[in-house]
Amino acid sequence: MDIKPVSFKRVSREESASFDRSTIDYIQNAAAHGLYEIRGMGAKRKLPHFDDLLFLAGSLSRYPLEGYREKCVTKTILGTRFAKKPIELDIPITIAGMSFGALSANVKESLGRAATAMGTTTTTGDGGMTPEERNSSKTLVYQCLPSRYGFNPDDVRRADAIEVVIGQGAKPGGGGMLLGQKVNPRVAKMRTLPQGVDQRSACRHPDWTGPDDLAIKIQELRELTDWEKPIYVKVGATRTFNDVKLAVHAGADVVVVDGMQGGTAATQTCYIEHIGIPTLAAVRQAVDALEDLNMKGQVQLIVSGGIRSGADVAKALAMGADAVAIGQGILFALGCNSETYIQDGKHISAIEGYDALGTQPGFCHHCHTGKCPVGVTTQDSVLEQRLQPDVGARRVKNYLKTLNMELTTIARACGKQNVHHLEREDLVALTLEAAAMARIPLAGTSWIPGHNGY
Amino acid sequence: MERMTFDLASSSLTEMNTFLHKGLEEGDKRHISVLNPDGAHNIAVGLNHPVTVEIHGHAGYYAGGMNKHARVVIHGSAGTGVAENMMSGSVHVKGFASNGAGATAHGGLLVIDGDAGLRCGISLKGGDIVVGGSVGSFSGFMAQAGHMVICGDAGDALGDSLYEAVIYLRGNVKSLGADAQFEDMTDADYATLAELLSKAGMDHDPKSFKRIASARTLYHWNADANQEY
Ligand SMILES: Cc1cc2nc3c(=O)[nH]c(=O)nc-3n(C[C@H](O)[C@H](O)[C@H](O)COP(=O)(O)O)c2cc1C
Ligand code: SF4
């Protein structure tokens with residue numbers, strides 16, 4: 001006798017919420033390879049973010065400023081606590097630390113030129129300082145990372161500020177990672193590694209352990225630079241309130257807080273999506289920590305992780321940040337996830353490159369492979385030519401300029417002659433989550449969940 | 001040769017360090033004595049001239065840190081991170097050294113007459129370290145290049161996750177770390193070792209040492225990714 005399967009039309013094509021297609025794909029991939037996924041960029045899940053905040057601009061109760069005519073200061077000074085030579089920025093938007101190795105030398109040069117043209121800083125990364133970025137950047141921040149790849153006192157002396165990296169938002173608690181295909185002869189030499197090895201870098205610093213040690217380490221860097229250069233401490237956002245307090249106690253001039261949306265060139269997906277707290281929650285905790293210590297204004301705060309637009313910058317500043325740092329946004333400005341790359345003024349299709357990676361423009365996160373279709377995150381001598389330093393420099397400069405214009409436009413609408421006068425009172429929240437995390441009232445109410453016993 | 005003295009009981013550390021950075025001419029070879037160091041941290045960090053600095057007493061953290069060209073002698077013991085990230089020159093500890101001695105050193109020679117604490121030579125990047133006594137656990141962790149000579153014993157996890165650095169051990173080891181293995185000594189090893197021992201002023205027979213280096217099984221840790229079922 002034939003047994004016909006019973007067919008329920010509605011449920012036969014119903015996707016499971018717990019085991020949706022991407023989860024099934026993940027499990028089958030794990031089953032086939034016995035290895036976790038490694039990828040680039042930041043968290044893809046939806047998170048409470050600056051999108052969930054809105055500005056209350058000037059009206060009858062407050063005066064707006066004229067959009068174009070009236071002055072709005074964007075100058076920003078970092079490192080006023082101890083450093084004899086603080087960093088002066090024309091705009092409160094900096095370029096985040098991205099390693100040579102992850103990025104090509106052309107990209108490093110583009111970033112330096114764009115930052116210099118806009119009066120802001122670039123930052124080195126895991127793997128040391130390249131002449132390309134030192135020569136093209138007027139003001140360069142030098143990272144001191146757990147791996148200490150290529151770290152040397154001459155570059156400390158050549159730098160304008162030092163950033164001690166404890167962690168990154170994309171992978172707090174994790175070390176660096178550069179897969180073998182990106183460890184070309186130059187990268188290998190800079191990092192003192194055999195060419196082509198899958199490079200793991202340490203997650204803890206080799207010569208200090210707790211916050212008390214960090215204080216001595218910071219003092220070493222100060223002694224070494226004759227107390228001239230600002231010392232930043234960068235943390236991935238987790239227990240941000242306590243971490244910021246400890247960084248301040250350890251003697252930081254500037255604290256950099258990187259939320260979980262922050263990009264990376266390569267790490268395990270399970271870190272990217274499951275460790276850390278959103279930037280929005282982290283900013284509030286960081287500012288609370290500085291206020292608690294009465295250090296607001298003395299120790300500056302740089303916020304990063306998912307900053308995309310001038311509105312994001314304005315919201316971060318209004319929440320209490322002194323400046324922001326941008327990674328992924330800069331990559332997109334360079335042409336990341338674009339359908340084409342530009343060679344001598346002509347657009348050339350990069351689709352084949354995305355195909356080869358099994359992806360498409362708009363979805364790519366394959367920086368770890370070193371086969372970037374648009375020449376941004378690669379060490380391949382052919383692919384890296386796809387990003388011409390002139391083009392990169394111009395596009396990044398345009399991007400930074402646009403962000404700054406949006407920032408000042410919003411600040412003026414809120415009646416501020418200085419972007420640093422933006423304040424929490426200028427903001428309301430759109431969602432309960434954002435209201436609770438940022439501790440900003442839900443729009444149209446005075447309600448902050450968890451505040452005043454409600 | 002010009003000589004000078006800094007007494008840290010009466011002058012500040014920053015004053016001294018700044019002088020050592022900015023008050024010296026290129027190639028200055030003078031001889032500097034540091035009195036009453038009293039365990040101060042960051043003594044003689046960032047030296048960049050071929051001077052000799054003798055520290056008469058105990059030093060705190062990071063003594064001789066990031067040294068280039070200079071010869072630093074500590075007539076006492078040293079705290080954490082002595083000669084960390086040294087580029088060239090030498091640092092000689094006459095007493096004992098604490099944790100992370102010679103961490104990430106890219107070049108130069110660190111000699112410790114006594115014992116060294118945990119993580120000696122961690123992330124070594126090309127420098128040479130000779131320890132007269134024993135070293136603590138996790139020594140040579142992730143060491144990338146250079147040599148570590150241990151005349152005494154070693155603790156747990158020696159040479160864990162080693163890259164290309166080579167460890168010579170005279171005494172016993174509690175345990176080797178992941179990917180570290182004993183290997184046969186070659187003539188080149190004996191020559192390197194004899195030279196390091198002689199530079200360090202240590203009188204041991206190179207034949208009494210064993211070689212430890214990387215098995216290189218962690219170099220491509222995603223090797224399994226190629227398996228497909
Ligand atoms: C390609 C790439 C490479 C990075 N390399 C480093 C690095 O070497 N050191 C570091 O501290 N952070 C590194 N980061 C993180 C950035 O400094 C920054 O924290 C992050 O990108 C900010 O978030 P956003 O990407 O959302 O703007 C990297 C990020 C990217 C996208
Ligand atoms: S386009 Fe290049 S930079 Fe962008 S995600 Fe893909 S590999 Fe990374």
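This is a predicted model: local features need pLDDT of at least 70, side-chain atom pairs count only at pLDDT 80 or more; totals for chains, interfaces and linings use all residues.

What is the accessible surface of chain B, and what share of it belongs to carbon and sulfur atoms? The accessible surface of chain B comes to about 8,800 Å², and 48% of that area belongs to carbon and sulfur atoms.

Residues are numbered from 1 along each chain as its sequence is written, chains are lettered from A and ligands numbered from 1 in the order in which they are written, and side-chain values use heavy atoms, with hydrogens and water left out.

**The two chains**

Chain B contains two helices and 11 strands. Helices (H or I, at least four residues) and strands (E, at least two) are DSSP runs numbered from the N terminus. Read from the N terminus on, the elements of chain B follow the order β-α-β-β-β-β-β-β-β-β-β-α-β. Chain A has 15 helices and 18 strands.

| Property | Chain A | Chain B |
|---|---|---|
| Radius of gyration | chain A: 23 Å | chain B: 18 Å |
| Buried residues | chain A: 59% of 454 residues | chain B: 59% of 229 residues |
| Accessible surface | chain A: about 19,400 Å² | chain B: about 8,800 Å² |

The radius of gyration is taken over C-alpha atoms, and the globule rule is 2.2 Å times the number of residues to the power 0.38. For the 229 residues of chain B, a compact globule would have a radius near 17 Å, so the value of 18 Å agrees. In the table, buried means under 20% relative accessible area; exposed means over 50%, and partly exposed lies in between (1.4 Å probe, protein chains only).

Contacts are pairs with heavy atoms within 4.5 Å. Among contacts in chain A between residues at least 6 apart in sequence, 68% join residues at least 24 apart. In chain B, 24% of the contacts between residues at least 6 apart join residues at least 24 apart.

As to charge, Lys and Arg count as positive and Asp and Glu as negative, whereas His and the chain ends are not counted. The place of a charge is taken as NZ of Lys, CZ of Arg, CG of Asp or CD of Glu. Chain A carries 51 positive and 49 negative charges, with mean positions 1 Å apart. Chain B has 16 positive and 26 negative side chains, and the centres of the two sets lie 4 Å apart.

**Selected residues of chain A**

A:N106 belongs to helix α3 (residues 105-118). With a relative accessibility of 17%, A:N106 counts as buried. Beyond its neighbours within four places in sequence, A:N106 is in contact with A:E384, A:Q385, A:L387 and A:P389. A polar atom of the A:N106 side chain lies 3.3 Å from the backbone oxygen of A:E384.

A:A215 is found in helix α7 (residues 211-224) and is partly exposed, with a relative accessible area of 27%. A:A215 and A:G251 are 36 residues apart in sequence, and their C-alpha atoms are 6.0 Å apart in space.

A:T445 is in the segment after α15 (432-438). At 38% relative accessibility, A:T445 is partly exposed. A polar atom of the A:T445 side chain lies 2.9 Å from the backbone nitrogen of A:W447. The C-alpha atoms of A:T445 and A:V428, 17 residues apart along the chain, are separated by 8.9 Å.

**Selected residues of chain B**

Most residues other than glycine have a negative phi. B:N36 has a positive phi, near 50 degrees, and lies in the loop between β2 (31-35) and β3 (52-56). B:N36 is partly exposed, with a relative accessible area of 43%.

The phi of B:M142 is also positive, near 55 degrees. B:M142 is placed in the loop between β7 (125-131) and β8 (145-150). Is B:M142 buried or exposed? At 9% relative accessibility, B:M142 counts as buried.

Methods. Accessible areas come from the Shrake-Rupley method with a 1.4 Å probe; for residues, only the protein chains shown count as cover. A polar contact is a pair of N or O atoms within 3.5 Å; within protein, one must be able to donate a hydrogen and the other to accept it, and residues adjacent in sequence count only if both atoms are side-chain atoms.
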